[in-house]
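Dear colleague,

I am handing over the structure we spoke about, with the sequence alongside. Please look through it before reading my notes.

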Amino acid sequence: MTDSPDKPTSESPVDTRMREFGDYLKHLRKSARFSLEELSEELRKRGVSKHGTSRQYLSSLEKGSVASPSPELLLELQRALSAI
């Protein structure tokens, strides 16, 4: 049985918040005029572990697919995106 496209999907509150966070992060990144690749490189320059800085990981974060990004990554994202 398949879901109807008209049937709303139920998201958990955590899923909703992560999607909202991802949308906000994408907005900040674009406002800072960073591509995902450029932001990835900037985070690496700041010493964030390579795993948390891949373009694919950052894309997943923006899509709300990452449930718990590290505090280190969040702090460096804030620093990188506000250092304009």
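The notes below go from the overall fold to the helix packing, and then to single residues.

The model is a predicted one, in which local features need pLDDT of at least 70 and side-chain atom pairs count only at pLDDT 80 or more, while totals for chains, interfaces and linings use all residues. Residues are numbered from 1 along each chain as its sequence is written, and side-chain values use heavy atoms, with hydrogens and water left out.

The protein has four helices and zero strands, where helices (H or I, at least four residues) and strands (E, at least two) are DSSP runs numbered from the N terminus, and the pattern along the sequence reads α-α-α-α. Of the 84 residues in the protein, 33% are buried; here buried means under 20% relative accessible area, exposed means over 50%, and partly exposed lies in between (1.4 Å probe, protein chains only). Among contacts with a separation of 6 or more, 56% join residues 24 or more positions apart, a contact being heavy atoms within 4.5 Å.

Now the helix pairs. Two packed helices are described by the angle between their axes and the distance between the axes. The axes used here are lines fitted to C-alpha atoms, for helices over the stretch in contact, and the angles run from 0 to 180 degrees between N-to-C directions.

Helix α1 (residues 13-31) packs with helix α4 (residues 71-82) at an angle of about 30 degrees, and their axes are 10 Å apart. The crossing of α1 past α4 is left-handed, a term that applies if the near helix is turned anticlockwise from the far one by less than a right angle, with right-handed used if clockwise. On the α1 side the contact is made by F21, L25, L28 and R29, and on the α4 side by L74, L77 and L81. By class, the contact of α1 with α4 has six nonpolar residues, no polar ones and one charged, with Ala, Val, Leu, Ile, Met, Phe, Trp, Tyr, Cys and Pro counted as nonpolar, Asp, Glu, Lys and Arg as charged, and the others, Gly among them, as polar.

Helix α2 (residues 36-45) and helix α3 (residues 55-62) pack at an angle of about 110 degrees, with 9 Å between their axes. That makes α2 roughly perpendicular to α3, given that angles under 35 degrees count as roughly parallel, over 145 as roughly antiparallel, 65 to 115 as roughly perpendicular and the rest as oblique. The crossing of α2 and α3 is right-handed, and the contact is made by L36, E37, L39, S40 and L43 of α2 together with R55, L58, S59 and E62 of α3. Four nonpolar, two polar and three charged residues make up the contact of α2 with α3.

For α2 and α4 the angle is about 110 degrees and the axes are 10 Å apart, and the two helices are therefore roughly perpendicular to each other. The crossing of α2 and α4 is right-handed, with L39, E42 and L43 of α2 meeting L73, E76, L77, A80 and L81 of α4. The contact of α2 with α4 divides into six nonpolar, no polar and two charged residues.

Which residues of α2 are buried? They are L36, L39, S40, E42 and L43, and they cover an arc of only 165 degrees around the axis, which puts them on the same side of α2; the arc is that of the directions from the helix axis to the C-beta atoms. The buried residues of α2 pack against α1, α3 and α4. In α3 the buried residues are Y57, L58, S59, L61 and E62, and what covers them includes α1, α2 and α4.

Some backbone points deserve a look. G47, which follows α2, has a positive phi near 90 degrees, and G64, which follows α3, has a positive phi near 80 degrees. R33 has a positive phi of about 60 degrees although it is not a glycine; R33 lies in the loop between α1 and α2 and is exposed, with a relative accessible area of 73%.

Two further residues complete these notes. S35, in the loop between α1 and α2, is partly exposed at a relative accessible area of 30%, and its C-alpha is 9.1 Å from that of R55, 20 residues apart in sequence. K26, in helix α1, is partly exposed at 36%, and the C-alpha atoms of K26 and L61, 35 residues apart along the chain, are separated by 9.0 Å.
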